[in-house]
Amino acid sequence: MWVTIGSGDGGGRRPSVKVEGERFLVGTGAECQLMIGDPKAAPLHAYFEVGEGGRVALHDLGSETGTYVDGERVEGSRVIEGGEEIRIGDTVLVPSVAEPAEEAEAVAHQAGPLEVAREHRQLRERVRLATALAVGAALLAVAGLVVFLATRGGGKPSPEEIVADAKKRTVLIQARVPGGTSGGTGFVLDAGHGLVVTNFHVVNGGTRFAVGVDGNLREATIAGAAPCDDLAVLRVADHNGMETFPLGSQDDLKQGEQVVAVGYPESASLDDNLTSTAGVVSRVQSSFLAPAPDAPSYPNVVQTDAALNPGNSGGPLIDERKRLVGVNTATLTSIGRAPIQGQGYAIGVDRVKAVVSTLRAGHSQGWAGFGLDFRGGGVVAVPMGEGAPVSGLVSKINGATVGGTFAGYCDAVRSISSGQTAVLTIQTRPRAAPRQLSVRFL
């Protein structure tokens, strides 16, 4: 099947591409086989799935703006037979089972995102060829590697040195949740004031919090939280032995630069050691929309091939200058049923700086003190910490429908500032009538 861009991005030339492979991604991200420069499209917006006998299905990946076929929003997937109008943001795609007559001419003159996608496919072919050639040169490569390692210099620290330096700047996070304890990792933002940064999803729904430093577990409270940016700042009274983590800049970060991700294992205790994985920067700045309704979108992330393991959430991604350049947050493991490797995402340090400058002062962003649990018709508010004693299914905030997705919640709270009061439409008990409740956002 062929897909022609009918209008929107690239629509003037009506370029066409052939849908190939089991999964054919469409979006603004570099991972996509068809990249479109549409600001309303998500990095991983949708994909075509080619099944047995050439049957093609279109899947939406939980995008905020949706994927439409002949004016109807795709819920899950939709079989494509050719001739339909597919709309992604402001871009219209027209599928066809026959090769468009003007394909060769259109491809020859097409520039921009479509050309980039084609270059990516050609690069993959060259990589496969390079791999085959590398097998024949293996013995020479070993000799060259020995020389390289023996002469390597430049004053760059080894991954072991980076981890050793990060040890007192990286902390264990524990949250008491109904039925047990959840945890993750954090980094010291300000040792003098006992401030620690972690992912919001690490503390989401917790009633009590603790920070592990030098084998000691210290009680902590939430100074501020930004659920839609997946960040939270904790404060501990006892900050002895803590060291502030220096923050880098994405302007100084380079593609291909070595980075190290550190964190504590999942369900770690104070006896566990800090773990680390090394890799390189795949993209200095990108955006990421997790293909799940209970995860927010991330407007600024550093993509890396360093493995991010369970428990690493909230921990630092560190550059060669021993500075934090990202907060380890998510790993993309599959698209549909197709597995993906080497795609880890850390919230970019530039975004972290902008958000935590407000949170550390006690001003949250889009948070009223309750945990968020996304289900069918809305978000379940869960009492947490010392926040608002709200519990129940929230269907609307200030009249805006929340729905059962993080995106819906973030849209509803986007205009609510810290200190403002909002009206929640909430169902506090099963089968009870919804009622309105005024809640102050922290």
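Select Lys 40 and Asp 90: their side chains meet in a salt bridge, 3.4 Å from N to O. A salt bridge here is a side-chain nitrogen of Lys or Arg within 4 Å of a carboxyl oxygen of Asp or Glu. Lys 40 sits in the loop between β4 (34–35) and β5 (46–50), and Asp 90 in the loop between β10 (86–88) and β11 (91–96), so the pair ties together parts 50 residues apart in sequence. Strands (E, at least two residues) and helices (H or I, at least four) are DSSP runs, numbered from the N terminus.

This is a predicted model: local features need pLDDT of at least 70, side-chain atom pairs count only at pLDDT 80 or more, and totals for chains, interfaces and linings use all residues. Residues are numbered from 1 along each chain as its sequence is written, and side-chain values use heavy atoms, leaving out hydrogens and water.

Next, select Asp 319 and Arg 321. They form a salt bridge, with the closest N and O atoms 3.4 Å apart. Asp 319 is buried, at 0% relative accessible area. Buried means under 20%, exposed over 50%, partly exposed in between (1.4 Å probe, protein chains only). Arg 321 is partly exposed, at 41%.

Last stop: helix α4, residues 159–166. Ile 162, Val 163 and Ala 166 are buried there.
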